[in-house]
Amino acid sequence: MDTGEDRGLALDRVRAAVLDTDGVITDTASVHAAAWKRVFDAFLLERSRAEGTRFRPFDMREDYLRHVDGRPRAEGVRSFLASRGVHLPEDSSPDGAEGVTPAWLADRKDGYFLDFVSRYGVRAFPGTVEFVRALRSAGVPVAAASASRNCARVLRSAGVDGLFDARVDGVDVARLGLAAKPDPALFLEAARRVGV
C-alpha cells in the first residue's frame, strides 16, 4: 500500500488531516451538476416557451463550475440566472401566491440531489480512501468537512462514513453560525474537533 512516504509525506509528522467531502473524498460534483441541470433546464425551458425565446440549457461543466460549485445553493441560483439575465424575487408575492424564488429552485435541486444519491449512490475516490486508511493506521485523526447538509448521507452512500474521527457539515455551519465557503470556518472547526 502507498502510504505517501515515498512521495515525501512522513505520516509520523502529520498531527491531523481535514479533507473536503465534495471532490476530495467523494465524486459528488457530477451528482450536484446533474441535479442543477435538471432544475435549471426545466426552469429555462418553461421560461423560453413562455417568452418565445431560444432555450439554452445549463452546461454541466462550464455553468456548474462558474456559477454554482462551492457556493450556498440560493447564491448559486442567483449567480447562474444572472448570467442569463434572469432575476427572481427573493420572496413569494405578498398575496401568498406561490412563485419561483432562488430558495424554491435551490430546494428543488436538493430534492433531486438526494434522489440521485438514493438511486445511484456516490463514489468515493479510491486513492483518498487508501490515504485516509494509511493516516488512520499511523494514528492520525481525520475529519471530513463539507458545506452540504447532506454530508452524512453522502459519506454513508459512498461507504466511507466510518473512516472519519469527526465531521463538520452544513448542519453544523447553520447551528454554529459559521461563515460560508470560501471562508475557512468549517475547516477550522473540523481541525478543532480532531485536536489541532
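**Reading a predicted helical model**

Visitor: Which elements make up the protein chain, and in what order do they run?

Guide: From the N terminus on, the order is β-α-α-α-α-α-β-α-β-α-α, which comes to 8 helices and 3 strands. The C-alpha atoms fill a box of roughly 65 × 30 × 30 Å along the principal axes. Of the contacts with a separation of 6 or more, 66% are between residues 24 or more positions apart.

Visitor: What span should α4 have, and what is the distance between its end C-alpha atoms?

Guide: At 1.5 Å a residue, the 19 residues of α4 should span 27 Å, and the end C-alpha atoms are 27 Å apart, so the two values agree. Buried residues of α4 include P102, L105, K109, D110, Y112 and F113. Among the elements that cover the buried residues of α4 are α1, α3 and α6 (151-157). Just after α4, G121 takes a positive phi of about 75 degrees.

Visitor: Which residues have the most contacts inside the largest nonpolar core?

Guide: In soluble globular proteins, nonpolar side chains tend to be buried together. Here the largest nonpolar core has 25 residues, and F40 and L81 have the most contacts inside it. Helices α1, α2, α3 and α4 each supply at least two residues of this core, and the largest share, 8 residues, comes from α1. Beyond its neighbours within four places in sequence, F40 is in contact with F58, V68, G76, V77, F80 and L81. A second, separate core has 18 residues, including L11, A17, A124 and L155.

Visitor: How far apart are the mean positions of the positive and negative charges?

Guide: The protein chain has 29 positive and 29 negative charges, and their mean positions are 1 Å apart.

Technical notes. Residues are numbered from 1 along each chain as its sequence is written. This is a predicted model: local features need pLDDT of at least 70, side-chain atom pairs count only at pLDDT 80 or more; totals for chains, interfaces and linings use all residues. Side-chain values use heavy atoms; hydrogens and water are left out. Helices (H or I, at least four residues) and strands (E, at least two) are DSSP runs, numbered from the N terminus. Contact means heavy atoms within 4.5 Å. Lys and Arg count as positive and Asp and Glu as negative; His and the chain ends are not counted. The place of a charge is taken as NZ of Lys, CZ of Arg, CG of Asp or CD of Glu. A nonpolar core is a set of buried Ala, Val, Leu, Ile, Met, Phe, Trp, Tyr and Cys residues joined through side-chain atoms within 4.5 Å. Buried means under 20% relative accessible area, exposed over 50%, partly exposed in between (1.4 Å probe, protein chains only). The expected span of a helix is 1.5 Å times one less than its number of residues.
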